[in-house]
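Hi,

Here is the structure I promised to pass on. Have a look at it first, and then read on for what turned up.

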Amino acid sequence: EIRVLTANFKPGDKTVFHTHHFPVTVYVLEGAFTLELEGREPITVQAGHALVEPKDVKMTGHNRSTSEPLRVVIFYASDPDTPFLDLIH
């Protein structure tokens, strides 16, 4: 199943710490998206560029700006009824 989502982040917003069961492509429409992967250096992608979040890696996404919003489009393929993410506690 192909899924497409949009997400909006206010300045300073951060996703929950999570993993995915499948690779997720994030395309940045506005602002800058920082992906923090466990055990790796953070990756920041500017508007007009994309990155692929790997499966089964603990991560969080972040809008590190103190003043600018962040808008992204998220694309992924998965088995039907597979949850988008699993929370890490």
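The structure holds 3 aromatic pairs (rings of Phe, Tyr and Trp, with its six-membered ring, whose centres lie within 6.5 Å; planes under 30 degrees apart count as stacked, over 60 as edge-to-face and the rest as tilted). Phenylalanine 22 and tyrosine 76 make a stacked one, at 4.7 Å centre to centre with 10 degrees between the planes. That pair ties together distant parts of the chain: phenylalanine 22 sits in the loop between β2 (18-19) and β3 (24-30), while tyrosine 76 is in strand β8 (residues 70-77), 54 residues apart. Phenylalanine 22 is buried, at 5% relative accessible area, and tyrosine 76 is buried too, at 6% (buried means under 20%, with a 1.4 Å probe and protein chains only). Phe22, Tyr76 and Phe84 form one aromatic cluster.

Before you go further, note that this is a predicted model: local features need pLDDT of at least 70, side-chain atom pairs count only at pLDDT 80 or more, and totals for chains, interfaces and linings use all residues. Residues are numbered from 1 along each chain as its sequence is written, and side-chain values use heavy atoms, leaving out hydrogens and water.

As for the whole chain, it has 9 strands and 0 helices (DSSP runs numbered from the N terminus: E, at least two residues, for strands; H or I, at least four, for helices). Buried residues make up 35% of its 89 residues. Of the contacts (heavy atoms within 4.5 Å) with a separation of 6 or more, 74% are between residues 24 or more positions apart.

Cheers

Notes:
Buried means under 20% relative accessible area, exposed over 50%, partly exposed in between (1.4 Å probe, protein chains only).
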